[in-house]
Amino acid sequence: MATNPAATPPNLPKSGAISKGYNFASTWEQNAPLTDQQQGAIVMLSHAVAESPFPANLAQERTSGQDNGLSVSTKDNNFGNSEAIEAILVNTNQFYKWFTDLESAMRSETEEKYQHYVNTLTDRIQTCDDILRQVDETLDLFNELQLQHQAVATKTKTLHDACDRLVIEKQRLIEFAEALRSKLKYFDELENITSNFYSPSMNVGNANFLPLLKRLDECISYVENNPQYAESSVYLLKFRQLQSRALGMIRSHVLSVLKSASSQVQAAIRSSGGNKASLSEGVEASVIYVRFKAAASELKPVLEELESRASRKEYIHVLAECHKLYCEQRLSLIKGIVHQRISEFAKKEGLPSLTRSGCAYLMQVCQLEHQLFDHFFPSSSEDVLSLAPLIDPLSTYLYDTLRPKLIHETNVDFLCELVDILKVEVLGEQLSRRSESLAGLRPTLERILADVHERLTFRARTHIRDEIANYIPSDEDLNYPAKLEQSADVKSETASPDANPDVFKTWYPPLEKTISVLSKLYRCLEPAVFTGLAQEAVEVCSVSIQKASKLIVKRSTPMDGQLFLIKHLLILREQIAPFDIEFSVTHKELDFSHLLEHLRRILRGQASLFDWSRSTSLARTLSPRVLESQVDAKKELEKSLKATCEEFIMAVTKLVVDPMLSFVTKVTAVKVALSSGTQNQKIDSVMAKPLKEQAFATPEKVAELVQKVKSAIQQELPVVMGKMKLYLQNPSTRTILFKPIKTNIVEAHVQVQSLLKAEYSPEEKRTINMVSIPELEAELDNLL
């Protein structure tokens, strides 16, 4: 079967449209990508055309072929014929011929369809090539446009940068001009401020005065902080001249207003029909305080401005002058009232009452003045020195009134009361409660208190010297033990034996005066001053008691003198115990005794006074030595008390057991002699005898001395115990003092009993009849 060359599909023309189209699509996809919504629409469209339906002619042929079997019916759709070819197949040749014709017809029909499709594609490719050519031309135009755009953009950016630089330069010049203007305005203000301050209508009361003053301060501060500017020193000098003028105007204005206020107050006092004396009953009256406050109210804004600028030295000086002017005007108003009131107190009242009333009145005045001062100078009221020109003269009136009376006051009780008033009531309570308003009074009150302390110390030393150290006792003062017996009789007559109102009458007067003055001074004087006075008082009191004891020994008995001394030293020790001080004082003295030997060497020519080569040693030699000695009155008191108690104990012991002590002493002497004689082989016949054969140690002699001791214990010792009870009312004190006496008596009996046991027979001991130790102790205990 021959083939139709016409049926062979021709080769498609090769064109760059496909590759260019692909490149263009790729570039387009990269430069202008589709959005998700656009891509979704394309996907939906592709699904919709995925299965396109058969054309109508193909669908009809397909249907007829299925229905007729070998009967073939064809329609030439290409040419629009509706003619049907029907053939009856008789033999094979006809079939083959029919089939060949049919195959040719089908091939011709198929090629025609594809040829038509190729032609169509060729047209489409040509169209695409035209489109691509136009696109290329368009791209070339776009590239040329882009280059032109870039050139324009570059020129535009250059112009923009130049504009920015111009704007920045303009802003910099504007800022520079503003900075220059802000700096020059301080200098330009000189003319404006000068014209205003020198204006005839300008005064402190003018509404523009304070703003101008503030502007002037700002200009001065700026010029001071920038001395590098040209002519800054000249401008600063002119500004300061204006400031001095302004501050002078303020000072004159303050003085004028204060004088006017004072004149109004004085006029009000005169118009009330009285004088300052009639108002002295109420210094806080409205005519002096409220009227003055109202009259000077216009000063408050100016003074507040001054205080707000008190950090500058010029204003500090002006403010201090205003304080002084204020204090002078206030002092001229109230000094007469205060002086007269204090004078009235001095005429009517004693020193303690005058001190209390004067201080209370002065504190009231100071508090009112502080309140008024705080109204005008609220920031300066805390400074004590601000009101000093007013408070000091007022407090001086009180000080000048009290000091002459203090100098002539001799009563220690009054002086102690003054200390209590000033220290506790005034300085302790009043000033602590109103410390801020009364702080200006503290120096004067402390000065008065110091004068009282000084006077009290002097009077206390005088009292100690006259009433204690140089006390001359009377017969009644030394009438011991009669004075104690009289007191005991009075005590026995009272309902309560423990209550004895006259207990101090049994004391030696210097002791009572010592305790009294120390108890008064303890809370009134400083610890250092009181320590010195207490040490001196205790020392001279102890000496005075010892002198009185010696006089009592001459008048009565040695035992009375000893018990008197023990009694009063114990009382003194007990009474000074509550004082929480050390009764020790260090004395320093200059010692020139070593100079005597050096002067002798100079006179003998062994040393020269003008030998400057040894000036150091010469200066050291001629300089006095400083000797320090510490005196502790309390330790000296303990020492004297201990020595007196030991003397009393030995005296009582000797009074009771002296025969036994003598006997023991002789026996000891004999034994010592026998011991030394045995070694030397030289023994006296008398000394060689046994102890009981000695003349002083016979049983009869021993019995006699034992009887004497027994009689002394029964007769003398109760008398001693009675005196002890009379002098020492405290049982524990008597027990402590009697304990060593009892020990000595028992010890003497023990020694004698040991000698009797060693040297005498039982019959001789029974003859001697010495009491046993337990019985002796029981007898001695019964005496307490």
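**Figure 1. Val720 and its contacts.** Not counting residues up to four places away in sequence, Val720 touches Met559, Phe648, Val652 and Leu655. Contact means heavy atoms within 4.5 Å. The model is predicted: local features need pLDDT of at least 70, side-chain atom pairs count only at pLDDT 80 or more, and totals for chains, interfaces and linings use all residues. Residues are numbered from 1 along each chain as its sequence is written, and side-chain values use heavy atoms, with hydrogens and water left out. Val720 lies in helix 21 (residues 699-727). Helices (H or I, at least four residues) and strands (E, at least two) are DSSP runs, numbered from the N terminus. Val720 is buried, at a relative accessible area of 2%. Buried means under 20% relative accessible area, exposed over 50%, and partly exposed in between (1.4 Å probe, protein chains only). Val720 and Val652 are 68 residues apart in sequence, yet 7.6 Å apart in space, C-alpha to C-alpha.

**Figure 2. Helix 13 against helix 16.** Helix 13 (residues 442-469) and helix 16 (residues 527-555) pack at an angle of about 5°, with their axes 10 Å apart. That makes helix 13 roughly parallel to helix 16. Helix 13 contributes Thr457, Ala460, Arg461, Ile464, Ile468 and Ala469 to the contact. Helix 16 contributes Val529, Leu533, Glu536, Ala537, Val540, Cys541 and Ser544. By class, the contact has 9 nonpolar, 2 polar and 2 charged residues. Axes are lines fitted to C-alpha atoms, for helices over the stretch in contact, and angles run from 0 to 180 degrees between N-to-C directions. Angles under 35 degrees count as roughly parallel, over 145 as roughly antiparallel, 65 to 115 as roughly perpendicular and the rest as oblique. Ala, Val, Leu, Ile, Met, Phe, Trp, Tyr, Cys and Pro count as nonpolar, Asp, Glu, Lys and Arg as charged, and the others, Gly among them, as polar.

Figure 3. The whole structure holds 16 aromatic pairs. One of them, Phe345 with Tyr361, is edge-to-face: 6.1 Å centre to centre, with 80° between the planes. Phe345 is in helix 9 (residues 313-348) and Tyr361 in helix 10 (residues 351-376), 16 residues apart. Both residues are buried. Rings of Phe, Tyr and Trp (its six-membered ring) pair if their centres lie within 6.5 Å; planes under 30 degrees apart count as stacked, over 60 as edge-to-face and the rest as tilted. Elsewhere, the charged end of Arg447 sits over the ring of Tyr399, 3.9 Å from its centre. Here the cut-offs are NZ of Lys or CZ of Arg within 6 Å of the ring centre and within 35 degrees of the ring normal.

**Figure 4. A ring cluster and a cis peptide bond at Tyr480.** Ring pairs link Tyr480 with Tyr471, Tyr508, Phe564 and Tyr727 into a cluster. Tyr480 is also joined to Pro481 by a cis peptide bond, with omega about 5°. Pro481 lies in the loop between helix 13 and helix 14 (482-493).

**Figure 5. Gln243, a buried residue in helix 6.** Gln243 lies in helix 6 (residues 232-271). Gln243 counts as buried because its relative accessibility is 2%. Leaving aside neighbours within four places in sequence, Gln243 is in contact with Leu216, Asp217, Ile220, Arg312, Glu314 and Tyr315.

**Figure 6. Asn769 in a loop.** Asn769 is found between helix 23 (762-768) and helix 24 (773-782). Its phi is near 60°, a positive value in a residue other than glycine. Asn769 is exposed, with a relative accessible area of 54%.
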